[in-house]
Amino acid sequence: MRHELTEIRRQHAEMINTWMREEQEPLLQPEPVEAVSPVMDDFPPADLRVPTRDDVEGMMMRRRMPLVLDGEVHACPQCGSYRDWVVFTLGDEMWLRCQAGHQALEPRLDTAWFDRNSGPDESRHATFEEGLRHLGHPDN
């Protein structure tokens, strides 16, 4: 038993010496990182960039199938049409336009819904009317 106690004391003293040595040694400083090259303003090129909502006045898409809002098929309040909508955004507002040209603000839709349901931006148009013609909804 005396031999075991001596061995425990020796191991304990060795641990304390190791701990004291580690505390006294200076910490290694990380190597300095090389300067990062500046970000290039033209990446990706301007013709490959997708316009953001800040770059355009609004966005529009065609929705041929019925639009279900709050569990019910939405119909135009003026003519009763329930399919072939043009959905467009102006800022944070969402608007619906039926084939007959009736337009109404739709507060139950938001830009997140538009982003989930619209496809990629295929074209840009200078006017609202040009966009409608492109989508097959001529201005009445």
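Reply: Happy to; let's start at a strand pairing. R97 has Q103 as its bridge partner in β6. Strands here are DSSP runs of E of at least two residues, helices are runs of H or I of at least four, and both are numbered from the N terminus. Two strands count as paired if DSSP finds at least two bridges between them. Please keep in mind that this is a predicted model: local features need pLDDT of at least 70, side-chain atom pairs count only at pLDDT 80 or more, and totals for chains, interfaces and linings use all residues. Residues are numbered from 1 along each chain as its sequence is written, and side-chain values use heavy atoms, with hydrogens and water left out.

β5 and β6 run antiparallel, with three bridges between them. Their hairpin has five residues between the strands, and G101 takes a positive phi near 95° there. One of the residues to look at is V87, whose bridge partner in β5 is L96. The β4 and β5 hairpin has two residues between the strands, and G91 has a positive phi near 70° in it.

V87 and L96 both belong to the largest nonpolar core, a set of 12 residues: M61, L67, L69, C76, W85, V87, M94, L96, C98, L109, W113 and F114. β4 (85-90), β5 (93-97) and α2 (111-117) each give this core at least two residues. By nonpolar core I mean buried Ala, Val, Leu, Ile, Met, Phe, Trp, Tyr and Cys residues joined through side-chain atoms within 4.5 Å. Buried means under 20% relative accessible area, exposed means over 50%, and partly exposed lies in between, using a 1.4 Å probe and protein chains only. In soluble globular proteins, nonpolar side chains tend to be buried together.

Setting aside neighbours within four places in sequence, W85 is in contact (heavy atoms within 4.5 Å) with M61, R62, R63, M65, L67, H74, A75, C76, L96, R97, C98 and H137. That list brings us back to R97, where we began.

E106 sits in the loop between β6 and α2. With a relative accessible area of 6%, E106 counts as buried. Not counting residues up to four places away in sequence, E106 touches L69, H74, M94, W95 and L96; L69, M94 and L96 are among the core residues too.

R62, one of the contacts of W85, leads to a salt bridge (a side-chain nitrogen of Lys or Arg within 4 Å of a carboxyl oxygen of Asp or Glu). R62 and D84 meet in such a bridge at 2.8 Å, N to O. D84 lies in the loop between β3 (72-73) and β4, and R62 in strand β1 (residues 58-63), so the pair ties together parts that are 22 residues apart in sequence. D84 is buried at 16% relative accessible area, whereas R62 is partly exposed at 26%.

A second pair, D70 and R108, forms a salt bridge at 3.5 Å, N to O. D70 is in the loop between β2 (68-69) and β3, and R108 in the loop between β6 (103-105) and α2, so this pair links distant parts of the chain, 38 residues apart. D70 is exposed at 65% relative accessible area, while R108 is partly exposed at 44%.

For context, here is the whole chain. It has three helices and six strands, in the order α-β-β-β-β-β-β-α-α along the sequence. Of its 140 residues, 19% are buried. Among contacts with a separation of 6 or more, 48% join residues 24 or more positions apart. The search of the whole structure finds five salt bridges, including one in helix α1 (residues 2-24), where R10 and E7 lie three residues apart, about one turn of the helix.
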